[in-house]
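Please look over the notes below with the model open.

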Amino acid sequence: METRRVYLDHNATTPLHPEVKKEMVEAMEMFGNPSSMHAFGREARANVEHSRQVVADFIGAHEDELVFVGSGSEANNTVLSLFACASNLCLPGFRAKTSIITTKIEHPCVLETSECLAHKGTKVKFLDVDQYGRVDMDQFKEYLTDNVGLVSVMTANNEIGTIQDIAEIAKLAHANGSLVHTDAVQAIGKMRMNVSDLGVDFLTMSAHKIYGPKGIGALYVKKGTPYCPFIRGGHQEKGRRAGTENTLGIIGLAKAIEMRDAEMDEEIKRMVEMKQALKNGIEGSIDDAVFNGHPTLSMPNTLNVSFPGAEGEAIMLYLDLQGIAVSTGSACASGSLDPSHVLLATGSSPERAHGSIRISMGRETTMEDIGCMLDVLPGVIKRIRSMSTAYITGGEHVAAK
Ligand SMILES: *Cc1c(COP(=O)(O)O)cnc(C)c1O
């Protein structure tokens with residue numbers, strides 16, 4: 001019998017939406033360089049600009065405020081790296097503001113860029129979060145001094161799903177004369193977002209987390225905001241990102257956005273139900289499960305849970321043998337045996353962090369998939385725990401709590 005394959009790792013990446021695939025297959029014939037003046041080029045240019053309009057509309061931006069880039073990681077690197085220049089001539093008005101505030105739970109592309117900048121002399125402060133992964137607002141106010149040029153806080157966390165109050169963060173930062181960036185890669189298409197309501201200066205998105213193609217992202221840059229290209233050498237994107245446009249990727253991103261706009265509201269309702277079913281099922285069938293992340297201010301598709309006495313890597317591999325795909329912490333951290341920096345920041349012990357898995361649902365996930373997961377998971381945990389010396393069921397010794 002063919003094993004049923006269940007994909008519950010949508011925060012790592014998503015399958016192409018069938019409509020996106022269709023649109024991209026058709027667009028593959030169109031090879032013109034959008035910078036060329038002839039008919040081939042003009043056709044490509046028209047498609048790129050239409051796509052820009054679609055993506056900008058979705059977040060309430062003007063099309064001129066949207067820069068297409070190679071990935072979410074590139075968008076984040078671009079924004080943070082502005083402040084590597086701040087002491088030079090690139091950002092007039094920001095020469096005295098060479099310090100950055102971010103958080104301990106950002107995606108590695110923000111954390112590692114921040115650490116690199118810190119080595120080069122930029123002052124970087126990493127905000128603590130509470131047990132649910134919410135930013136410590138008192139500490140934020142304390143860190144928000146005159147020399148802070150940029151505040152970068154992710155809208156929703158990829159590992160635990162916790163959502164931050166970006167509007168409040170932006171209000172405080174602007175009152176201090178600091179610019180605000182949010183990495184919205186996980187939030188886009190899972191909650192309605194509008195850049196004016198949020199009040200941000202920069203916003204990052206990526207296509208492959210929303211059923212679009214890999215290797216294409218977009219950066220919102222509010223009109224009038226100081227900016228400096230990360231990739232130089234051409235006039236593309238009005239001089240904000242050199243390199244011939246990824247026409248096919250851009251068309252795919254726009255179609256993915258169009259489909260999110262059409263489908264997301266109904267989908268969220270379904271997700272809320274499936275997440276609750278998953279949570280109830282786990283609670284009812286597995287002892288000592290600990291849920292990570294915020295109980296309500298959290299993305300409806302994401303459930304992160306720790307099983308003391310069972311290693312996340314082992315759970316992931318055993319589930320994979322049964323055709324179910326989940327992840328441990330974040331995909332970017334897997335391959336390393338370091339416990340998740342996000343869970344550690346929430347005050348979780350290294351053991352509890354090691355015993356966690358992330359279940360992330362998507363548009364094609366059904367209640368049947370959740371049932372399948374709930375059929376398999378208790379047996380997997382039981383089996384792994386029975387081999388573990390750190391966990392004794394029913395006893396007083398649960399070392400990994
Ligand atoms: C996936 C992800 C990124 C990176 O996006 P890429 O397009 O894969 O480079 C950045 N931030 C968050 C929160 C993510 O989940």
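1. In this predicted model, an N or O atom in the side chain of Ser-73 sits 2.6 Å from an oxygen atom of the ligand. That pair is a polar contact, meaning N or O atoms within 3.5 Å; within protein, one must be able to donate a hydrogen and the other to accept it, and residues adjacent in sequence count only if both atoms are side-chain atoms. The protein covers 90% of the 380 Å² of accessible area that the ligand has on its own (Shrake-Rupley method, 1.4 Å probe; for residues, only the protein chains shown count as cover).

2. A polar backbone atom of Gly-72 is 2.8 Å from an oxygen atom of the ligand, and a polar side-chain atom of His-208 lies 2.8 Å from a ligand oxygen atom.

3. Which residues come nearest to the ligand? Of the 14 around it, they are Ser-73, Asp-183, Gln-186, Ser-206 and Lys-209 (near means a heavy atom within 4 Å). The shell comprises 3 nonpolar, 9 polar and 2 charged residues; Ala, Val, Leu, Ile, Met, Phe, Trp, Tyr, Cys and Pro count as nonpolar, Asp, Glu, Lys and Arg as charged, and the others, Gly among them, as polar.

4. Helix H3 (residues 72-81) supplies the largest share of the shell, 3 residues. Helices are DSSP runs (H or I, at least four residues), numbered from the N terminus. H3 packs with helix H4 (residues 108-119) at an angle of about 30°, their axes 9 Å apart. H3 is therefore roughly parallel to H4 (under 35 degrees; over 145 is roughly antiparallel, 65 to 115 roughly perpendicular, the rest oblique). Axes are lines fitted to C-alpha atoms over the stretch in contact, with angles from 0 to 180 degrees between N-to-C directions.

5. The axes of helix H9 (residues 247-285) and helix H13 (residues 367-386) come within 10 Å and cross at roughly 15°, so H9 is roughly parallel to H13.

6. Helix H10 (residues 312-321) packs with H13 at about 130°, with axes 10 Å apart, and therefore H10 is oblique to H13.

7. Residues are numbered from 1 along each chain as its sequence is written. Local features need pLDDT of at least 70 and side-chain atom pairs 80 or more, while totals for chains, interfaces and linings use all residues; side-chain values use heavy atoms, without hydrogens and water.

Key
Helices (H or I, at least four residues) and strands (E, at least two) are DSSP runs, numbered from the N terminus.
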